[in-house]
Amino acid sequence: MKKLIALFLAAGFPMLAAAEIKTQIVEYKQGDTTLEGFLAYDAASAVKRPGVLIAHQWMGLTDYEKKRAKMLVDLGYTVFAADIYGKGVRASSPQEAGGLAGKYKGNRALLRDRINAALDVLRKSPNIDSKRIAAIGYCFGGTTVLELARSGADVAGVVSFHGGLDSLNPSDARNIKCKVLVLHGADDPFVPAKDFAAFEEEMRGAKVDWELVQYGNSVHGFTMWEAGNDNSKGLAYNAKADARSWEAMKSFFAEIFK
């Protein structure tokens, strides 16, 4: 190991100290509703870092988002995983998750209020560079971060991983101030072709700086580690698409956080 480190130093590569990841549960409010999010940051550094907001999938805030948060801290970000549903409100089955997600998909104003409340928490977090913030989301969370952008939130960019693309008010795209990256499974059965066409028209009409990447042989939930690998179910993990989409996100961040 010492020889390897010496080689890296001799070649001019800086050696980054390992992050001392600190996490905490954070209670916050949106209106009269108490929410419970998850904050993760590097306690070993006082440097102000870009922030990343994570919006959860339809089951609610779980260990999945917490793991992603820690991965992002290792990349040099301060991270807050939002809670859209409320403290203690977590789905115990896909049926319950469908009902919870449907409530907010049908009330986009409330969805925007919930994710903007989480954004406010992130802005006040330790060692945060409040002028450099992005949001990412998975499945239902992908829908959520697109609504964050459509709300006119002051963020540098949003990344949707296999999220819904539909909008109840396409003209709201004129509010978007940030760059938009959509990472999608080419064989996702839950996002119809008409939603793709409408999304592209929405983005073009509002002159948004946007990009949509599709991954072949991938269905819905391709980043979800515990989704199995049976594409015929419409929801399955794909290691290649997961790795490629993560790298696409990293490149996107490198661009927007210059």
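Visitor: Which helices each supply at least two residues of the lining of the largest pocket?

Guide: Helix H2 (63–74), H3 and helix H5 (140–150) do; helices are DSSP runs of H or I with at least four residues, strands are E runs of at least two, and both are numbered from the N terminus. H3 gives the largest share, four residues. The model is predicted, with local features needing pLDDT of at least 70 and side-chain atom pairs 80 or more, while totals for chains, interfaces and linings use all residues. Residues are numbered from 1 along each chain as its sequence is written, and side-chain values use heavy atoms, without hydrogens or water.

Visitor: What is the volume of the largest pocket, and which lining residues are closest to its centre?

Guide: A pocket is an open set of points on a 1 Å grid over the protein atoms alone where a 1.4 Å probe fits, with protein on both sides within 12 Å along at least five of seven lines; lining residues have an atom within 4 Å of a point. The volume, the space filled by probe spheres set on the points, is about 760 Å³. Of 27 lining residues, Gln-57, Trp-58, Cys-139, His-220 and Leu-235 are the closest to the centre.

Visitor: How do H3 and H4 pack?

Guide: Two packed helices are described by the angle between their axes and the distance between the axes. H3 (residues 94–105) and H4 (residues 108–123) pack at about 100°, with axes 6 Å apart. H3 is therefore roughly perpendicular to H4 (65 to 115 degrees).

Conventions. Axes are lines fitted to C-alpha atoms, for helices over the stretch in contact, and angles run from 0 to 180 degrees between N-to-C directions. Angles under 35 degrees count as roughly parallel, over 145 as roughly antiparallel, 65 to 115 as roughly perpendicular and the rest as oblique.
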